[in-house]
Structure formats: structure tokens, C-alpha cells
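Dear colleague,

I am handing over the structure we spoke about, and below it you will find what I found when I went through it. Please read the notes with the structure open beside you.

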2 protein chains.
Amino acid sequence: MNQNPVIGVFDSGFGGLTVLRALLHRIPHARYAFLGDTARLPYGSKSRRTIARYAAESAQFLVREQGAEYLVIACNTASALALDAIEEAVPVPVLGVIEPGAASARARSQTGDVLVIATDATVQSHAYAAACRTQGLRTLEKACPLLVPLVEEGWTQHAVTAEVFRIYLDELLREAAENGMAPDSLVLGCTHYPLLRPLIEKAVPAGMCVIDSAEATAEAAMRLFGQRGEDCARPSDQIRCFATDSVEKFERLGSRFLERPVGHVGLIDLGG
Amino acid sequence: MNQNPVIGVFDSGFGGLTVLRALLHRIPHARYAFLGDTARLPYGSKSRRTIARYAAESAQFLVREQGAEYLVIACNTASALALDAIEEAVPVPVLGVIEPGAASARARSQTGDVLVIATDATVQSHAYAAACRTQGLRTLEKACPLLVPLVEEGWTQHAVTAEVFRIYLDELLREAAENGMAPDSLVLGCTHYPLLRPLIEKAVPAGMCVIDSAEATAEAAMRLFGQRGEDCARPSDQIRCFATDSVEKFERLGSRFLERPVGHVGLIDLGG
């Protein structure tokens with residue numbers, strides 16, 4: 001890995017900025033180009049073929065136009081349905097968010113029973129269940145469609161959000177018990193959920209480990225793309241963000257996800 | 001108006017089925033073709049030019065392929081930004097949801113001060129404020145982004161939804177008071193909100209009139225497209241529904257909006 005490699009990070013929206021945040025902590029000397037394909041979200045309701053085309057075009061923009069030497073697919077839907085298509089479309093190493101989340105669950109779980117919360121689209125793809133199965137884990141997945149809008153409303157510490165999460169968690173724990181499972185880990189399978197981590201950690205049963213796919217992906221990127229750069233180069237502090245449609249919401253909400261200003265967001269056109 | 005005219009109803013998603021439901025009550029002898037452009041939603045985050053193109057293509061499908069003799073645009077964003085483009089694209093009378101909502105507010109409000117709740121995109125367009133202004137009304141608009149996902153989660157009578165609505169309403173009433181307004185009407189400026197009407201009517205101050213844009217639009221359609229058909233023809237009971245992407249969610253949730261089964265939803269392709 002060179003001193004200041006360019007890492008491309010791709011999401012259908014701006015939730016993937018939580019993955020970029022985790023990457024910045026672990027590989028601070030890299031330069032980053034982030035693309036949110038905001039014009040064509042949500043990917044979750046589209047066909048696999050369409051998602052593969054969108055994701056490949058986005059990956060090509062990051063590699064060809066922004067010089068990315070590594071790609072992180074910070075989008076659960078694209079990771080689930082389009083990783084192969086992206087790898088075919090660009091000549092650089094590609095990392096999705098799902099495998100690292102599953103690998104982290106295997107490393108942490110004692111019982112081998114794991115809960116996964118995610119969006120409806122991610123749950124319907126059963127990508128986490130499949131990835132966990134190859135790790136020898138049993139999983140129970142649950143769609144929590146209210147959590148993304150609650151995060152986007154900024155209610156990350158709100159009593160309403162705590163109540164909504166409690167309802168989802170109760171349903172999940174009840175179903176796990178009915179299935180004879182003894183879950184000790186909860187995977188946050190959506191890039192918005194790290195913003196709810198403090199609230200979620202307060203709500204889960206004592207001893208349950210909360211696994212953040214964004215953190216797990218950044219750790220995997222460090223292993224795959226190179227070593228921790230603290231000693232070999234100073235932090236590059238260079239982030240360029242791009243979106244394919246109105247950048248206003250991206251600029252307004254993005255800094256909460258990145259935990260620093262996103263700065264100017266460039267508007268690009270990838271076609272229909 | 002002939003005995004059993006074909007009325008085309010268009011929305012970016014399936015929320016507009018509440019408008020179709022209201023139309024069925026008032027013009028029961030018509031035949032209906034409903035199109036949800038689900039592949040390309042949400043319209044709210046897209047540019048005016050893109051929305052105009054999508055809406056015109058959708059309108060042409062309803063007129064050319066389905067024989068619609070009248071069109072109802074049951075989509076706030078398309079009504080706000082693309083009514084002219086649709087009228088240019090098809091040779092039939094076209095009715096949006098915003099003007100009827102504003103006209104109904106004028107008919108009901110005594111004080112002339114009106115509150116409007118809607119999605120972020122509709123509020124940012126200020127289409128209701130503009131339509132109300134031409135009716136001589138003062139308006140205060142508020143985006144309530146959590147209400148659509150709460151409706152889609154099926155929590156239309158849930159304590160969490162009541163609490164979320166109470167928070168939004170308190171903010172709205174406080175801001176109205178600060179502006180020296182005396183609002184006596186609340187316009188439901190989103191096609192999902194009629195499902196919350198019982199909950200909303202319980203929450204608003206005594207004497208405040210809740211105005212449902214879907215109902216107002218159906219009343220306007222009756223005046224514009226023809227007379228109440230009770231005596232002149234038997235109910236046609238004919239509804240054909242179409243969507244541009246995965247029809248599963250449409251079929252699963254649509255019946256709640258329509259208050260009857262939506263039946264088979266045809267999948268059509270309008271392009272990228």
C-alpha cells in the first residue's frame with residue numbers, strides 16, 4: 001500500500017458515510033472519494049440486474065474519474081446483490097459490508113446464535129443469513145423500517161426511538177426464543193444504525209454484543225488494503241464527496257454520519 | 001360524461017390509492033386504471049425536469065395504453081411540479097391534488113389561517129402555500145417525515161404514532177402562535193395521511209377542521225368530470241392497477257390504502 005492511497009467508498013445514499021468515518025479512524029493517511037448515488041436510491045426496491053448496472057457505473061466513476069485504488073461498497077443492498085458485478089467492472093480490490101459483519105459476529109459470538117437488524121430490502125435478500133451460515137452461525141433477521149427515518153429526523157437519542165427499538169427488539173427476542181436460539185450478538189446491518197448505537201447498547205440484554213458492520217468493514221479494509229498508517233504517514237485529511245442528485249440533504253445530514261463536516265458535495269450525472 | 005368513463009389515476013408510489021378510494025365512493029360507475037411509478041420513486045428528491053418527464057410518460061401510458069379519458073394526479077410532488085407538463089403531454093382533462101385541497105381549506109376555514117402537513121419534498125415546493133395564497137389564505141407548512149414510514153409499518157393506530165404526531169403538532173401550533181396565526185384547519189397534504197385521520201382528529205384542538213386532500217380531489221373530480229353516477233349507471237367495480245417495479249409491496253400494502261383488495265398488479269416498463 002502506498003503512503004496515501006485513494007480509497008473509493010460507494011453507497012446508494014449517504015448512510016455509507018458511517019463506513020467512511022470508521023475508515024478514517026483506521027486508515028487516516030488514505031485519501032477518500034465517496035459517491036452517493038442519491039438520484040437512483042433506494043436500491044432496495046430495484047431488480048438485481050438494475051442494481052448491478054448502477055453499482056458498476058458508480059464503481060467505474062470512483063476508479064476511472066477519481067483514481068480509487070481500492071473500493072469499499074458501503075451499501076448493504078449493493079454488497080448483497082452486486083459485488084460480483086462490481087469486481088468485474090473495475091480492476092481494483094473490492095470489499096463489501098456484509099462479509100466483514102458476519103466474520104465479526106463469528107469472532108464475538110459464544111453461542112453461535114446471532115440477531116441481525118436491517119432494512120426491509122437487506123432482510124429480504126437474506127445476505128447476512130447466508131454470510132453467517134458460511135461462518136457456522138445461526139441467524140435471525142428482522143427488518144426495522146422505522147429506524148432509518150428516525151435517524152434522518154435526527155431523533156437518535158429520542159424517547160420515541162428508544163420505544164420503537166424496544167418494540168422491534170422484543171419481537172426479535174421472542175421469535176428467537178420460540179426458535180430455541182440463545183443469541184448473544186446483534187449485528188447492525190444498515191449503515192444508518194451506528195448513529196443509534198448508544199441507544200441500542202442501552203436496550204439490549206446484558207452481555208449481548210452489538211456488532212457494527214461499518215466498524216467491522218473498516219477493520220477488514222485495514223487488513224485487506226494495508227496496515228494501520230499512523231506511523232508511516234500523516235493523516236491526509238482529504239475527502240471528496242459526490243452525489244448524483246440534489247446535494248442539499250447530503251450536505252445537511254451527512255456531517256452527522258461522518259462526525260465532521262462533509263464539505264462541498266460535487267454533483268455528477270451517471271445517466272438514467 | 002359517458003356511462004362508464006375510464007379515469008386514470010397516477011402516483012409515484014401507491015399512496016395515491018387513497019385518492020382512488022375517495023374517487024370510488026364519489027364516481028362509482030367509472031372504470032379506473034391506476035399507475036404507481038414505483039421504479040422511479042421517490043419523485044421528491046428529483047429535479048423538476050426529471051419529474052416532468054416521468055409524469056408525462058406515466059400519463060401517456062394511462063391515456064394511450066389504458067384509454068383514460070380523464071386523469072387524476074394523485075401525487076403531491078407531480079401535482080406541484082409537473083401539472084403543466086402532463087397537460088401538454090395528453091389530450092384529456094387533468095386534475096391534481098393540491099388545488100382541491102386549498103379550495104377545500106378556503107371553504108371550511110373561518111379565520112383564513114391554515115396548517116399544512118406533508119412530506120419534506122412537498123413542503124419544500126411550497127405548492128400548498130402558493131395555492132392557498134391564491135385563495136386568500138395564510139398557511140404554515142410542516143414536513144412530517146416519520147408519518148409515511150409509520151403508515152407503511154401499519155402503525156396507524158399505534159401509541160408511538162400518536163406521540164410522533166403530537167410532537168409535530170405541538171411544534172406547528174407553537175410556530176403558528178409565534179406568527180400571530182389563529183389556524184382552524186389542518187390540510188393533510190400527503191396521500192398516506194388519510195390512513196391516520198382517526199388518530200389525527202383525536203389529537204387536534206377542538207374545533208379544528210381536518211381537510212383530506214384525497215377527499216377534496218375526489219369531490220373536485222366529480223364536479224369536473226361529471227355528475228354523481230348513482231342513478232345513471234351501476235358501479236363498474238373495475239380497477240386495473242399497474243406498477244413500474246416489484247409489485248410485491250404494492251399488492252401487500254395497497255389494500256390498506258384502497259380499503260379493498262387491489263388484486264393483480266401489472267408490471268410495466270417505462271424505461272430508465
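In this predicted model, Pro100(A), Gly101(A), Ala103(A) and Ser104(A) of helix H5(A) meet a group of residues in helix H11(A), namely Ser213(A), Ala216(A), Thr217(A), Glu219(A) and Ala220(A). Sorted by class, the residues of this contact between H5(A) and H11(A) are 4 nonpolar, 4 polar and 1 charged. As for the geometry, the axes of H5(A), which covers residues 98-108, and of H11(A) come within 8 Å and cross at roughly 100°, which means that H5(A) is roughly perpendicular to H11(A).

Moving out to the whole of chain A, the domain assignment gives domain 1 as 6-96 + 217-267 and domain 2 as 98-213, and the C-alpha centres of these two domains of chain A lie 23 Å apart. Their contact draws 20 residues from domain 1 of chain A and 18 residues from domain 2 of chain A. On the domain 1 side, the elements of chain A that give two or more residues are helices H1 (17-26), H3 (76-81), H11 (213-225) and H12 (248-258), and H3(A) gives the most, with 5 residues. That side of domain 1 of chain A is made up of 7 nonpolar, 10 polar and 3 charged residues.

Finally, there is the contact between the chains, where 16 residues of chain A are in contact with 16 residues of chain B. Helices H8 (147-152) and H9 (159-178) of chain A each supply at least two residues of the side that touches chain B, and this side of chain A has 7 nonpolar, 4 polar and 5 charged residues.

Best wishes

Note on methods:
Residues numbered from 1 in each chain as written. Chains lettered and ligands numbered in written order. Predicted model: local features only at pLDDT ≥ 70, side-chain atom pairs only at ≥ 80, totals over all residues. Domains from an automatic or database assignment. Contact = placed C-beta atoms within 7 Å. Helix = DSSP H or I, 4+ residues; strand = E, 2+ residues; numbered from the N terminus. Nonpolar A, V, L, I, M, F, W, Y, C, P; charged D, E, K, R; others polar. Axes fitted to C-alpha atoms, helices over the stretch in contact; angles between N-to-C directions. Parallel < 35°, antiparallel > 145°, perpendicular 65-115°, else oblique.
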